[in-house]
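Here's a quick tour of the fold, written for someone who likes cut-offs spelled out. Have the viewer open as you read.

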Amino acid sequence: MELNNLKPAKGSTHHDKRIARGAGSGHGGTATRGHKGAQSRSGYSRKLGFEGGQMPLQRRLPKFGFTNLKRVEFKAINLSTLEELAAKKSLSEVTVETLVAAGFISSNDKVKILGNGQLTRSLVVKAHAFSKSAEAAIAAAGGSVEKL
């Protein structure tokens with residue numbers, strides 16, 4: 001075997017369709033675009049949500065609800081997660097940077113600590129928000145809470 005007789009495995013490659021290259025190609029004439037209409041023309045691009053003239057879904061359905069522009073989205077982290085992280089890395093303080101480094105959140109997320117799970121270690125936890133049960137569990141384990 002040499003470089004000059006290498007070729008792909010049989011059936012692994014195929015020829016591209018050569019559209020609009022004459023009648024003999026089988027794809028001449030309308031060039032696979034069908035007959036007439038906007039879709040057969042050059043430069044056509046269908047509008048987002050266009051359904052061929054049928055009333056589009058976003059206009060058939062009524063408007064409802066409301067978006068609160070002041071809503072703050074938090075990433076929820078449970079006490080069980082903090083316990084695991086502290087055990088793996090033998091930490092005494094858990095901060096947002098620690099959680100980012102561990103891959104639980106991204107650097108621009110806000111964090112809320114929730115009270116699901118057991119906490120046996122005394123930890124100093126720094127986060128943006130805490131549930132009441134999480135605050136109580138951290139304090140009961142001998143740790144402290146700092147809100148950012």
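## Salt bridges

Glutamate 83 and arginine 121 meet through their side chains in a salt bridge, at 3.9 Å from N to O; the term means a side-chain nitrogen of Lys or Arg within 4 Å of a carboxyl oxygen of Asp or Glu. Glutamate 83 sits in helix 2 and arginine 121 in the loop between strand 3 and strand 4, so this pair ties together parts that are 38 residues apart in sequence. Helices (H or I, at least four residues) and strands (E, at least two) are DSSP runs, numbered from the N terminus. At 17% relative accessibility glutamate 83 counts as buried, while arginine 121 is partly exposed at 31%. Here buried is under 20% relative accessible area, exposed is over 50%, and partly exposed is in between (1.4 Å probe, protein chains only).

The structure holds seven salt bridges. One of them joins the side chains of aspartate 109 and lysine 75, with 3.8 Å from N to O. Aspartate 109 lies in the loop between helix 3 and strand 3, and lysine 75 in strand 1 (residues 74-78), so parts 34 residues apart in sequence get tied together. Aspartate 109 is buried at 19% relative accessibility, whereas lysine 75 is partly exposed at 40%.

## About the model

This is a predicted model, where local features need pLDDT of at least 70 and side-chain atom pairs count only at pLDDT 80 or more, while totals for chains, interfaces and linings use all residues. Numbering starts from 1 along each chain as its sequence is written, and side-chain values use heavy atoms, with hydrogens and water left out.

Next, an open sheet: three strands in the order 2-4-6, with parallel pairing. Strand 2 (93-94) and strand 6 (144-147) stand at the edges with a single partner strand each, so one side of each has no neighbour in the sheet. Two strands count as paired if DSSP finds at least two bridges between them. Strands 2 and 4 have two bridges, and strand 4 is joined to strand 6 by four. As for who faces whom, valine 94 is opposite valine 125 in strand 4, and alanine 127 has lysine 147 in strand 6 as its bridge partner.

Glutamate 93 forms a salt bridge with lysine 126, with the closest N and O atoms 3.6 Å apart. Salt bridges that share partners link Glu93, Lys126 and Glu146 into one network. Glutamate 93 is partly exposed at 36% relative accessibility, and so is lysine 126 at 22%.

## The nonpolar core

The largest nonpolar core has 19 residues, and Leu82, Leu99, Val111 and Ile113 touch the most other members. Such a core is a set of buried Ala, Val, Leu, Ile, Met, Phe, Trp, Tyr and Cys residues joined through side-chain atoms within 4.5 Å. Helix 2 (79-89) gives the largest share, four residues.

Leaving aside neighbours within four places in sequence, isoleucine 113 is in contact (heavy atoms within 4.5 Å) with residues including Ile77, Leu82, Val125, Phe130 and Ile138.

## A loop glycine

Glycine 142 sits in the loop between helix 4 and strand 6, and is partly exposed at 49% relative accessibility. Glycine 142 and serine 122 are 20 residues apart in sequence, yet 4.8 Å apart in space, C-alpha to C-alpha.
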